[in-house]
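I opened the notebook to look up how this protein is put together. I start with contacts along the chain, then turn to single elements.

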Amino acid sequence: MTSPAKLNLSAGIASVSVAVVLIALKLWALGETQALSVAASLADSVLDLMMSLGGLAAIHYAARAPDADHAFGHSSAEDLAALGQSMFILFSAGAICWAAVARLLSETPPVLMAEGRGMIAMGISIVLTLLLVLWQRRVARQTGNRVVKADSLHYLVDLLPNMGAIAALWAAGQFGLQSIDSIVAIGAALMLGVAALNIGNEAWHALMDRAADPEIVAGVERIVAGWPGVHGYHDLRTRRSGSTVFVNLHIELDGAQSLTQAHDIGAALKQAIRQAYPGIDVIIHKDPVRDTAP
C-alpha cells in the first residue's frame, strides 16, 4: 500500500509537470490568437507552476519526521504554502480583471486571430487539467493533504475559464464578438478570487489551531465512549496542522488494575482511532476513574 507521503509527492510532481505543459500550450495559443482570455489562462498557469513548485516543496518538507526543534512534525508547512497560494491567486485575479476592463474600455481593442488553433490548444489543456484534478482529488481523499486539496481546487476552477476561452474564441471567429473575450476573462478572475478566499480561510484557521472537523471529533468520542475498560473521558482537544489531525484526551480507568492492563487499554484505543482516521496523531492520558459518590 502506497504511503500518504508518497501519494502526496506524486500529486505534487504531477501538478508541476502538467503546469509546464499547459504554459507551453497557452504561450503558443496566445501568440496565435492574441486573445485576452487565453492570456488570462496563461497567467493562471504560470501562477499554477509557481504554486505547484511551492506546494511540492512544502509537501516534501512536511513529510519530514519530527525532530528536536519540531516535536510535532513539520506539517504546518502545508498550511503556510496554501496561504501563500491564496495570495498569489488573488493577485492574479486582480491583474486579469484590470486588463479585461481596460480592454473593454479601449477604443481600439486588438482583434483576435487563428481562433481554431487556439481552441484546439485550450481543448488539450482542458483534458490534461481534468486528468490532473481526478488524480489530485483521489490523493486528497486518501491523505487529507491541504496543499493537494488547494491545488486541486485551483485546477478545477481553471476548467471553466479554459472552456470560457474556447467559447470566446468561437464567438469571435463566428460572429466577430470581440468583447466576449474580456467578459469571459472577468468572470474567470472573479471565480479565482472566490476560490482564493476559501483556500486562505481554511489555511488561516489551521495555522490558528482551530479544532478538527466536528465529524472527526464526534467519531472519536463514539469510539472512546464505547471502548471496553474505559469508564469515562474528559479534556478532549483537537487541532489540525496541514494534513495531520492532533487529538489529546484523558480516559478514566480502574485504578486498581495493573499498569500493564491500563497501558494495553490505552494502546488498543489509540490504534482503533488511527484505523478509523488514518494520519491522525493521538495522545492519551490515563487517569483513575473519578469517584462521584457524595
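I looked up contacts in this predicted model. I took those with a separation of 6 or more, and 74% of them join residues 24 or more positions apart.

Next I listed the elements. I found 8 helices and 3 strands. I read their order from the N terminus as α-α-α-α-α-α-α-β-β-α-β.

Then I checked burial and surface. Of the protein's 294 residues, 44% count as buried. I noted an accessible surface of about 15000 Å². Carbon and sulfur atoms hold 65% of that surface.

Helix α7 covers residues 214–225, which makes 12 residues. From first C-alpha to last, α7 reaches 16 Å, close to the 16 Å expected at 1.5 Å a residue. Which residues of α7 are buried? I wrote down Ile216, Val217, Gly219, Val220, Ile223 and Val224. Seen down the axis of α7, these buried residues fall within an arc of 165 degrees, so they line one face of the helix. On the face turned away from that buried side, I found the exposed residues Pro214, Glu215, Arg222 and Ala225.

Last, I looked up a nonpolar surface patch. Val101, Leu104, Leu105 and Ile183 make this patch of about 370 Å². Which helix gives the most to the patch? Helix α3, residues 76–105, does, with 3 residues.

I ended on leucine 105, which lies in helix α3. Is leucine 105 buried or exposed? Its relative accessibility is 70%. Exposed means over 50%, so leucine 105 counts as exposed.

Methods:
Residues are numbered from 1 along each chain as its sequence is written. This is a predicted model: local features need pLDDT of at least 70, side-chain atom pairs count only at pLDDT 80 or more; totals for chains, interfaces and linings use all residues. Side-chain values use heavy atoms; hydrogens and water are left out. Helices (H or I, at least four residues) and strands (E, at least two) are DSSP runs, numbered from the N terminus. Buried means under 20% relative accessible area, exposed over 50%, partly exposed in between (1.4 Å probe, protein chains only). Contact means heavy atoms within 4.5 Å. Accessible areas come from the Shrake-Rupley method with a 1.4 Å probe; for residues, only the protein chains shown count as cover. The expected span of a helix is 1.5 Å times one less than its number of residues. The arc is that of the directions from the helix axis to the C-beta atoms. Patches are made of residues with over 30% relative accessible area and no salt bridge: like charges are joined within 9 Å, nonpolar side chains (Val, Leu, Ile, Met, Phe, Trp, Tyr) within 5 Å. A salt bridge is a side-chain nitrogen of Lys or Arg within 4 Å of a carboxyl oxygen of Asp or Glu.
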